2 protein chains.
Amino acid sequence: MRPTEESVLLTDLYQLTMLQVYFDQELEETAVFEFFVRKLPAGRNFLVACGLERVLDFLEDLHFSQDELDWLAGCGRFSTRFVNSLTGLRFTGDVQAMAEGTVFFADEPILRVVAPLREAQLVETRIINLLQLQTLTASKAARVRFAARDKLLVDFGLRRAHGAEAGLLSARASFVAGFDGSSNMLAGMHWGIPLFGTMAHSFIQVHDVELVAFEHFAHSHPGATTLLIDTYDTEAAAQALLPLAHRLAAEGIAVQAVRIDSGDLGEHARRVRAILDAGGANAIKIFASGNLDEFAVQALLDAGAPIDGFGVGTRMNTSADHPYLDCAYKLQEYAGVARRKRSEGKATWPGRKQVHRRVDGAGCMLGDTLTLEGDSQPGTPLLATVMRAGRRIASSPPLAELREYARTQLAALQPELRRLDVAAPYSVDVAAPLRELARQVDQHRG
Amino acid sequence: MRPTEESVLLTDLYQLTMLQVYFDQELEETAVFEFFVRKLPAGRNFLVACGLERVLDFLEDLHFSQDELDWLAGCGRFSTRFVNSLTGLRFTGDVQAMAEGTVFFADEPILRVVAPLREAQLVETRIINLLQLQTLTASKAARVRFAARDKLLVDFGLRRAHGAEAGLLSARASFVAGFDGSSNMLAGMHWGIPLFGTMAHSFIQVHDVELVAFEHFAHSHPGATTLLIDTYDTEAAAQALLPLAHRLAAEGIAVQAVRIDSGDLGEHARRVRAILDAGGANAIKIFASGNLDEFAVQALLDAGAPIDGFGVGTRMNTSADHPYLDCAYKLQEYAGVARRKRSEGKATWPGRKQVHRRVDGAGCMLGDTLTLEGDSQPGTPLLATVMRAGRRIASSPPLAELREYARTQLAALQPELRRLDVAAPYSVDVAAPLRELARQVDQHRG
């Protein structure tokens, strides 16, 4: 059996039941689907597009394996002719998308699929699954980055991320959005994301004496010695490690930082800073972790806590205050005719759309216009073709480049949108041609 | 490169930095770690243990691949001798655990690892990652099951689950906790979980006429015809499908249900029920989906909404109101000596522990006692050995058996704990021998 993340059957049953009908009825014209977020989560002023690379990997690799076909043939729901028709199925369509790291808003498509109906339909579930997770995490991580200012910021969230893929991809998404690195080794191996990590409380506990644990660690990792000091008594450990730090310095080993992971982090940091400074260990930095999110980080720094870096995990990786997006992948056109859904509260803008963004002379964002592809509007169009006939048109940009692009995107946000509290919404106009098309589509349906 | 879910490097850097020290210092005695939840999430009265099978798979398969070893050797953080020592590393320890589907509470270990220090430490991150996700989802799903009473309950959450593994494992966890099935095809292929699914709005939209879409679907799926009626106008669609339903009946095709996915689900269900009944289609059931969780399901049924089944997705799979558990995998003993961490707000009970559960004559739960392994206490011990020397001691129970076990567990909960609002906490006593050990451990540390 294929790994979970690669199986084409990681999808909803209805995709296949619909494909059976399309096969029976020979419905095989070109379909256009777009992925967008209906509404920003409460309390959020913007989102950061992320996940495109994995979507393109998925589309390039799309196929049914023999055991998947055998299972489909035997499950009693599908005709043999239909299952046979899936044997050679590949994704042959085009994709337009916003680059990863692009800031975007409600109703703006960040990805469009233009493909034969059954291909465009089959990929729905996994596209949503991949784009939602990574956009969610990148958007949350960007807020943490704003709150943390220029401090070191490390993703510590693997253990409480929702499973393997979420752990890996949220390390990447948070790095793109401005984190400095991750504790996740696989993210380091996959993408060269800088790795950070020290020791667990268990490490201190297996030693009978805390200071011996510190010393052992320093000797094994002379170039990367950060000591966890809160296992028993934070301030006592800070005091006790001073003579050790001096002794290690004489051996040429610098203790780089201490980590505090419990209690009132701001208060402990102040006391520990005072102890270290009084002991001549001004160069030892303070790293804090434990239940942090953008609000906690901002509160600590606003209060002047002498913290040089933060490990932010669970609440960032799971986007704990809003662990999902109100997002959708919706049919906008079939067989050359624009379509829209009108379900209550879920109506969509029909047709193939483009987003134009206007900026001022300094690059600061002024407003977006949502319109039809090909309509001429002021500003820069944000969606570009990234795949043709099932193949990427260019190799993937290096992660450092995406991260730098995201940085400039986030820097261009109006200052009030960068704050953690809710600001007046960013201006997204719907252009006249798109409104007119929606009207025509509704009229046609009567 | 191995799939994400299989890589031993899907772990935190600090596990490997600690292992380097243990290697250098020859710290290789037996370590005992336990996984537990420190505190129930706000608003929850119980948790349901889930995820053990995947943990055992992970432990049985644990090894470093050659490319992982090469990467470790080249990353500049570890000694060659240490990396070489990982070549043949396997998990050789024992595991005691609560069965999947067991109801449990704060501070009660649901899994214990007893293994040479480096093995027991290395597996921390992934064990937490696997147990948290599945326990979280199973616990949320159990609440939805209580709210839904005996109605059909289907997992619809794959698309907004956090990535591939979360989508797959939450289908399994919700099934164990009482859901009737899932839309997730891979869950059907892997475990035979019953699959449910019909059509998307896009299916209606690619047809110019809604009724034609319904008819096409019925002809392709004569044995499983559920029609989505809210794409344009819910009640109009219900009215319009009546003649079609009668025509199909004449062909021997029964429309089984209609699905409503937007608007006021209760109000639409009432109107649609009236329309169907007035049209002689009393046998057609009503299935509802869209933004549902246990509270919404309960409110609908309390208000008498004529809904026969629910698709519950995003909010269950992501455990949206509490998307993480305050859980930990902590060292409780090393080299035969009990240990505990005393960090503020995070102190743990030391030693190898057992949970005894007392029930009344009808099987209803009366209270638990947390004590040391081997201590004699009234009630049934909940942790049992499931792995010895790195191998399962029995093959995995069939999923249906786990589901039935979970059902009896949930049925044994005191009625007030089964309600959605917060009840007085279930009684978990800490036995005297465990309190005494904690005292001794603290005294020893001074």
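In which hand does α11(B) pass α12(B)? In this predicted model, in which local features need pLDDT of at least 70, side-chain atom pairs count only at pLDDT 80 or more, and totals for chains, interfaces and linings use all residues, the crossing of α11(B) past α12(B) is right-handed. Residues are numbered from 1 along each chain as its sequence is written, while chains are lettered from A and ligands numbered from 1 in the order in which they are written.

A crossing is termed right-handed if the near helix is turned clockwise from the far one by less than a right angle, and left-handed if anticlockwise. Helices (H or I, at least four residues) and strands (E, at least two) are DSSP runs, numbered from the N terminus. The pair comprises α11 (residues 234–250) and α12 (residues 265–278) of chain B, whose axes lie 9 Å apart at an angle of about 20 degrees. Axes are lines fitted to C-alpha atoms, for helices over the stretch in contact, with angles running from 0 to 180 degrees between N-to-C directions. α11(B) is therefore roughly parallel to α12(B); angles under 35 degrees count as roughly parallel, over 145 as roughly antiparallel, 65 to 115 as roughly perpendicular and the rest as oblique. From α11(B), B:Thr234, B:Glu235, B:Ala238 and B:Gln239 meet B:His268, B:Arg271, B:Val272, B:Ile275 and B:Leu276 of α12(B). Two residues are in contact if their C-beta atoms, placed from the backbone, lie within 7 Å. By class, this helix contact contains four nonpolar, three polar and two charged residues. Ala, Val, Leu, Ile, Met, Phe, Trp, Tyr, Cys and Pro count as nonpolar, Asp, Glu, Lys and Arg as charged, and the others, Gly among them, as polar.

In chain A, α6(A) and α13 (residues 294–302) have axes that come within 8 Å and cross at roughly 5 degrees, so α6(A) is roughly parallel to α13(A). A:Arg143, A:Val144, A:Ala147 and A:Ala148 of α6(A) meet A:Glu294, A:Val297 and A:Gln298 of α13(A). The classes in this contact are four nonpolar, one polar and two charged.

Chain A is assigned domain 1 (4–137 + 324–445) and domain 2 (144–317), the bounds coming from an automatic or database domain assignment. The C-alpha centres of the two domains of chain A are 38 Å apart. Their contact draws 17 residues from domain 1 and 18 residues from domain 2. On the domain 1 side, α6 (124–148) and α15 (399–411) of chain A each supply at least two residues, and α15(A) gives the largest share, six residues. The residues on that side are eight nonpolar, three polar and six charged.

Between the chains, 82 residues of chain B are in contact with 82 residues of chain A. Elements that each supply at least two residues of the chain B side include α5 (117–122), α8 (185–191) and β12 (326–334), and the largest share, nine residues, comes from α1(B). The chain B side has 36 nonpolar, 30 polar and 16 charged residues. Chain B superposes on chain A (RMSD 0.0 Å) by a rotation of 180 degrees with 0.0 Å of shift along its axis, which is the relation of a two-fold axis. Copies are superposed by least squares on the C-alpha atoms of residues with pLDDT of at least 70 in both. Because 100% of the interface residues of chain B are also interface residues in chain A, the copies meet through the same surface.
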